[in-house]
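Subject: Structure handover

Hello,

Here is the structure I said I would pass on. Please open it beside this email, and read the notes below with it on screen.

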Amino acid sequence: MEETITASPTEVWLSAPPLTEADAATQAGTPAWYRELQEKSWARYLDLPVPKRTNQHWRFADLKMIRFADLAPAAPATDPASLIARAVAGRPETFAAHFVFANNRLIHSEIADLPAAAICLPLNEALVAHSDLVRSHFLQETQSLGGDKFAALHGAATLSGIFVHFPKGCVSEKPILVHHFNGGEGRAIFPHTLVVAEDNASVSVVDVFESITPAEQTLNVGMVDLFADRGGKIQYVSLQNLSDNGAKHVQIHSTRAGRDAAVKVGFVNLGAAWVRNESLNRMVDTGADCQIFSANLANGIQEYDQRTLQSHEAQHTTSDLFFKNALYNNSRTIFSGLIHVKPGAHHTDSFQTCRNLLGSEEAEANSMPGLEIDADQVKCSHGSTSGQISDEEIFYLQARGIPADDARKIISLGFLNESIEKLEGDELKAYLFARVQQKFTALDESA
Amino acid sequence: MSNNATLEAVSIDQDEGNFSYPEDYAYDAGYGLNEGTVDYISNIKGEAEWIREFRHRALKVFFAKPMPTHWASKDLENIIFNNIRYYLSKGRAPVRSWDEVPDDVKKTFERLGIPEKERKYLAGVEAQFDSEAAYSNVKEELTKEGVIFVNSTEGLREHPEIFRKWFGKVIPTGDNKFSALNSAVFSGGSFIYVPPGLKVKHPLQAYFRINAENFGQFERTLIIVDEGAEVTYMEGCTAPKFETATLHSAVVELVAMKDAKIQYITVQNWSNNVFNLVTKRGLAHENAEIRWIDCNIGSRLTMKYPGVIMKGRKARGEVISIALSNNGQHQDTGAKMIHAADETTSNIVAKSISVGTGQSTYRGQVHIPRHLKGCKNNTECDALLINSSSRTDTYPAITVRGNQHATQHEASVSQVSEDQIFYMKQRGLSEGEAMSLSVNGFVNDLVREFPMEYSVELKRLIDMEMEGSVG
């Protein structure tokens with residue numbers, strides 16, 4: 001990576017607290033603890049250094065990507081109706097609720113089929129209506145996989161996104177859909193997703209990220225926190241399909257899985273110029289299970305930087321991570337995953353797989369699969385491979401009358417689909433798969 | 001599980017090397033490190049001006065570089081560079097016959113069995129006692145055929161036309177803080193040259209011994225194997241157990257010319273107070289092969305990542321690594337494979353065993369840059385945890401550019417299965433014996449890569465380390 005440092009590296013990010021006057025009005029009704037937390041976060045954000053080369057959490061990362069010109073919070077979108085139409089088109093037919101945010105503001109909400117006991121509200125409303133419930137789960141995670149400065153900035157700014165709370169035994173098979181649009185040159189959004197599944201509750205949430213207009217320098221700094229109590233079940237999927245020209249996307253996720261809880265998380269990255277996913281999965285009580293999947297299709301000069309931690313903190317916990325990257329042109333991916341089995345977390349089963357399919361001579365895949373084992377009676381393994389489609393596979397399909405180019409596409413699609421297949425919900429999977437297919441079509445056209 | 005029993009096992013293992021003789025040195029650079037230390041060493045050796053300059057430049061780099069604690073063990077901060085002696089020797093030139101070696105030094109090596117092994121199966125031996133080689137000999141017929149096997153001082157003085165070209169080229173001074181330290185104060189080590197086409201049948205061996213307390217050993221090894229030639233080099237190391245920390249920081253450079261083969265075998269059994277911070281790297285030209293076979297049993301903290309730069313087409317690199325960490329030990333080992341030409345292949349197989357509170361770490365780097373074709377890497381790391389307080393870490397980093405390569409990495413962590421132990425106990429083995437058998441089975445396929453004498457020794461060491469670790 002050649003690095004050209006200009007005379008004055010713009011590492012300001014945001015020079016003023018990221019609240020516009022309109023936001024300040026929304027904020028007026030929020031509880032005092034929340035405003036205090038925001039102030040503290042802003043101070044922390046100013047305090048924390050911009051990540052440097054020597055920070056192991058940023059190894060192999062292109063640090064030019066986090067030199068931002070002075071950003072500003074996004075202004076209200078000018079044509080919300082067209083955005084709502086975009087969000088509604090092609091969405092899964094059955095869903096529990098659908099929220100659409102544009103530039104940090106809610107522009108559309110629709111409750112289709114939500115259990116009566118469930119709370120599912122935009123964050124700013126939940127802060128007012130369920131202050132204590134939000135407070136006990138809001139930005140609780142202090143561990144960081146390198147993005148703590150981003151997390152602090154998020155804490156100082158977020159007011160968009162949703163709060164989902166499913167009380168004991170509350171179950172919904174249908175997903176809650178949330179769209180986040182970002183637009184405007186030099187603008188930033190701070191989407192938040194907070195999901196709590198109490199004992200034996202079951203909930204599914206899907207976030208979709210898109211750009212309003214292509215080719216604008218925008219930044220998303222999102223956070224997702226998932227809490228599953230005893231026997232609770234959560235599925236969370238993030239579909240990132242921003243403009244691959246200028247849009248940058250940071251998403252910091254944490255899961256806290258309690259006794260016998262099962263949490264599935266999926267990251268699908270198709271767009272954005274640069275993506276940083278941090279995924280912190282903590283299994284804090286016996287029987288907790290976390291599964292983390294990702295399917296990433298990188299093209300052009302896209303860079304996808306993913307850092308994960310599977311933290312086993314109690315006996316008899318399990319986790320499985322399965323990431324797939326298909327790379328074309330000059331794209332780059334970085335996968336850094338760590339399995340940490342803490343002292344006393346005996347009888348842990350933990351697995352980690354990262355596979356890279358390199359589709360061009362210039363694409364670059366970096367893998368850092370890590371293990372730290374401090375306990376006994378542990379079964380852990382990780383595997384990482386990088387390679388290309390073998391000639392035999394192409395030949396096999398050609399022998400059945402499929403042209404070589406199509407054969408390559410079919411195999412790559414199947415390769416990524418292996419991650420998507422592990423999620424639950426046929427309609428949701430079809431929705432995700434269709435988006436991946438769309439990007440492949442765009443690939444063909446650009447080639 | 002009883003930790004006392006495990007401790008006993010440790011002490012058995014290291015008794016063989018745990019003895020020292022009174023210190024009586026003709027040359028002593030004193031404690032601490034400054035420009036005067038470097039000049040003292042250079043004056044004693046009567047070195048050429050370019051070497052003195054090389055040392056001084058390296059010293060500046062050493063002072064300028066920070067400790068790599070942003071990724072490495074914080075234990076490094078416990079090294080106090082001013083409490084270490086950087087040069088100690090009884091005499092400047094090694095002798096060619098054991099009869100001329102000073103009595104206490106000779107006794108040291110006799111107790112370690114070096115002269116006996118030389119008679120039996122070695123083609124050449126060098127024995128280093130603190131800073132300088134006390135004994136160095138190579139079979140006459142090899143000398144006639146043009147093999148050079150000398151220490152670093154002699155190599156640079158007598159054969160600069162051969163060694164200067166590659167000296168400090170495979171591992172530049174600024175590679176890391178400890179390679180810079182070595183470059184400033186190096187002394188001893190082996191400089192070997194094997195002429196084209198010569199296949200040295202028997203291994204060459206060096207034996208490194210630290211005798212003095214608060215001492216730093218900084219040997220420098222450079223092995224150049226010319227076109228089509230082959231050599232196997234073995235090194236062993238021991239030190240007595242002192243109360244205070246001792247530092248061993250070597251730099252080993254290998255150069256394999258076209259079609260050459262080098263096999264470099266290390267059995268490291270330093271006592272538990274030694275910081276063993278070693279930089280080892282080989283440069284493989286077209287169709288050449290470099291194999292590092294590395295076994296780490298001793299030391300307090302070992303940081304060693306043997307590497308191969310595959311510079312020529314079809315060059316091959318291999319690292320076979322066994323690490324055993326017992327109470328209070330941290331074996332931070334691994335491998336570095338830099339592919340710099342088409343159709344180069346590399347293989348890493350690392351197995352570690354953690355006993356008691358021992359910690360094993362695998363750190364690896366595989367780099368396949370763009371515009372190359374047909375490169376392959378295979379990495380396997382397996383870790384075995386014996387006790388509930390044992391720890392193991394794996395930190396590989398793999399970079400692949402382009403669509404004409406294949407890499408695969410696999411790692412696993414496991415325990416000796418209770419079923420296996422039960423099965424063996426059923427057949428009359430004690431639990432300890434069953435455990436030893438299991439662990440030996442775990443590393444068996446790697447142990448076979450060592451020469452016969454070493455593999456027998458390794459099995460014995462593992463048996464002893466495992467003794468009392470269960471119960």
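This is a predicted model: local features need pLDDT of at least 70, side-chain atom pairs count only at pLDDT 80 or more; totals for chains, interfaces and linings use all residues.

**Helix pairs**

Start in chain A. Helix H2 (residues 32-47) of chain A and helix H6 (residues 148-157) of chain A cross at roughly 150 degrees. Their axes come within 7 Å. An angle over 145 degrees counts as roughly antiparallel, so H2(A) and H6(A) are roughly antiparallel to each other. The crossing is left-handed. H2(A) brings A:Leu37, A:Gln38, A:Ser41, A:Trp42, A:Arg44 and A:Tyr45 to the contact. H6(A) meets them with A:Lys149, A:Ala152, A:Leu153, A:Gly155 and A:Ala156. By class, the residues of this contact are six nonpolar, three polar and two charged.

Now chain B. Helix H3 (residues 49-64) of chain B packs on helix H9 (residues 177-185) of chain B at about 150 degrees, with the axes 7 Å apart. That makes H3(B) roughly antiparallel to H9(B). This crossing is left-handed. From H3(B), the contact uses B:Phe54, B:Arg55, B:Ala58, B:Leu59, B:Val61 and B:Phe62. From H9(B), it uses B:Lys177, B:Ala180, B:Leu181, B:Ser183 and B:Ala184. Eight of the residues in the contact of H3(B) with H9(B) are nonpolar, one is polar and two are charged.

The next pair is also in chain B. Helix H10 (residues 418-426) of chain B and helix H11 (residues 431-447) of chain B pack at about 125 degrees. Their axes are 9 Å apart. H10(B) and H11(B) are therefore oblique to each other. The crossing of H10(B) and H11(B) is right-handed. B:Gln420, B:Ile421, B:Met424 and B:Lys425 come from H10(B). They meet B:Glu431, B:Ala434, B:Met435, B:Leu437 and B:Ser438 of H11(B).

**Core**

The largest nonpolar core has 259 residues. Those with the most contacts inside it are A:Val164, A:Val195, B:Ile192, B:Val225, B:Leu254 and B:Ala256. Take B:Ile192. Leaving out residues up to four places away in sequence, B:Ile192 touches B:Ile148, B:Phe149, B:Leu204, B:Ile223, B:Val231 and B:Tyr233. As background, nonpolar side chains in soluble globular proteins tend to be buried together.

**B:Gln268**

B:Gln268 is in strand S13 (residues 261-268) of chain B. Is B:Gln268 buried or exposed? A residue counts as buried with 20 or more other C-beta atoms within 10 Å. B:Gln268 has 24, so B:Gln268 is buried. Its contacts, not counting residues up to four places away in sequence, are B:Cys237, B:Asn276, B:Cys295, B:Asn296, B:Ile297, B:Gly298, B:Ser299 and B:Thr302. B:Gln268 and B:Ala323 are 55 residues apart in sequence, and their C-alpha atoms are 9.6 Å apart in space.

**Chain contact**

The contact between the chains takes 35 residues from chain A and 30 residues from chain B. On the side of chain A that touches chain B, strands S19 (349-358), S20 (364-373) and S21 (379-387) each supply at least two residues. Which strand gives the largest share of that side? S20(A) does, with 10 residues. By class, the side of chain A that touches chain B has 10 nonpolar, 18 polar and seven charged residues.

Best wishes

Notes. Residues are numbered from 1 along each chain as its sequence is written. Chains are lettered from A and ligands numbered from 1 in the order in which they are written. Axes are lines fitted to C-alpha atoms, for helices over the stretch in contact, and angles run from 0 to 180 degrees between N-to-C directions. Helices (H or I, at least four residues) and strands (E, at least two) are DSSP runs, numbered from the N terminus. Angles under 35 degrees count as roughly parallel, over 145 as roughly antiparallel, 65 to 115 as roughly perpendicular and the rest as oblique. A crossing is left-handed if the near helix is turned anticlockwise from the far one by less than a right angle, and right-handed if clockwise. Two residues are in contact if their C-beta atoms, placed from the backbone, lie within 7 Å. Ala, Val, Leu, Ile, Met, Phe, Trp, Tyr, Cys and Pro count as nonpolar, Asp, Glu, Lys and Arg as charged, and the others, Gly among them, as polar. A nonpolar core is a set of buried Ala, Val, Leu, Ile, Met, Phe, Trp, Tyr and Cys residues joined through C-beta atoms within 7 Å. A residue is buried if 20 or more other C-beta atoms lie within 10 Å of its own, exposed if 12 or fewer, and partly exposed in between; C-beta atoms are placed from the backbone.
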